[in-house]
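The exercises below are meant to be worked with the sequence and the coordinates side by side. Each task sentence is followed by a solution that goes step by step.

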Amino acid sequence: MMKVERDMNVKTDKMLLYRIIRGIFKPVFKVIFRPKIIGAENIPKTGRVVIAGNHKCALDPILVDISTKRIVKALGKKELHDGLFGFIFRNVGTIPVDLHKSSNPDALNAAVNALGHESAINVSPEAKRNYTDNLLLRFKYGAVSMAEKTGAPIVPYAITGEYILFSRNLKIVFGEPFYVSGELSAANELLYNKIAWLLRENMDKNELEKKRFVSFEEWENEHKKTS
């Protein structure tokens, strides 16, 4: 009985800390970056959901967080949990991922467990920030795998524009949710194409012209050659 009460208190404390931090960041973030948030109504108000999109900046998870009233658990690189402010990341439910490993079963299991408790999980299938001229990097399979294992819908999103002072073009657009069915490769390709479409539709034309689109199949073939 005492263990259950202690676990509930820990969970409540994490939710409280998350809400306090978001309450501080939300107005400041909106004043500084003036983001346009489109399609946030596509994020279910309750129940398990995987929110997945492109990754261009360390501030992306905050932009996702302020787009919904829900508590969103993000997958983040392990170094964040081990660094100077690691206690914050550990206490707001961030799930650590070791980017130096080809697979992260512990992170996947933690995400699946959280989804089993009707949580919202934010995933970057690219697994790292995209500093290249490619529209998207190769997608890893974590997002579609955890969705398939739990029956959670996936809400794709695209972030375009710049995180600069009083930005006029920073935008996040959420697409319609869909469910994983059939082979994971097909589901991952579908997710890849949905996010690519959102980027193409919302990215500034001058920025888009500088980007190279690599098809999902091209990325997979390249990965097979190097692995």
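A residue is called buried when its relative accessible area is under 20%, exposed when it is over 50%, and partly exposed in between. The structure shown is a predicted model.

**Exercise 1.** Classify Pro61 by its accessibility, and state how far its C-alpha atom lies from that of Leu75.

*Solution.* Begin with the location: Pro61 belongs to helix α2, which covers residues 60-65. Next, take the relative accessibility of Pro61, which is 26%, so that this residue counts as partly exposed. Finally, Pro61 and Leu75 are 14 residues apart along the chain, and their C-alpha atoms are separated by 9.1 Å.

**Exercise 2.** Decide whether Glu220 is buried or exposed, and identify the partner of its side chain in a polar contact.

*Solution.* Glu220 sits in helix α9, which spans residues 216-226. With a relative accessibility of 12%, Glu220 falls under the 20% cut-off and therefore counts as buried. If neighbours within four places in sequence are set aside, the residues in contact with Glu220 are Arg138, Phe139 and Tyr141.

**Exercise 3.** Describe the largest nonpolar core, and name the element that gives the most to it.

*Solution.* This core has 34 residues, and Val50, Ile154 and Leu191 are those with the most contacts inside it. Several elements each supply at least two of its residues, including β2 (49-53), α6 (142-150) and α9. The element that gives the most is α7, with 7 residues. Apart from this core lies another, of 20 residues, with Leu63, Tyr157, Tyr163 and Leu170 among them. Returning to Leu191, its contacts beyond four places in sequence include Ala52, Phe139, Ile154 and Phe178.

**Exercise 4.** Locate Leu165 and name the residues that form a nonpolar surface patch with it.

*Solution.* Leu165 is placed in the loop between β6 (154-160) and β7 (171-174). Its relative accessibility is 59%, which means that Leu165 counts as exposed. The patch on the surface is formed by Leu165 together with Val28, Val31, Ile32 and Phe166, and the accessible area of these residues together is about 440 Å².

Conventions
Residues numbered from 1 in each chain as written. Predicted model: local features only at pLDDT ≥ 70, side-chain atom pairs only at ≥ 80, totals over all residues. Heavy atoms only, no water. Patch = residues over 30% accessible without salt bridge, like charges linked within 9 Å, V, L, I, M, F, W, Y side chains within 5 Å. Areas by Shrake-Rupley, 256 points an atom, 1.4 Å probe, with all protein chains shown as cover. Salt bridge = Lys/Arg side-chain N within 4 Å of Asp/Glu carboxyl O. Helix = DSSP H or I, 4+ residues; strand = E, 2+ residues; numbered from the N terminus. Buried < 20%, exposed > 50% of the residue type's maximum accessible area, 1.4 Å probe, protein only. Contact = heavy atoms within 4.5 Å. Core = buried A, V, L, I, M, F, W, Y, C linked by side-chain atoms within 4.5 Å.
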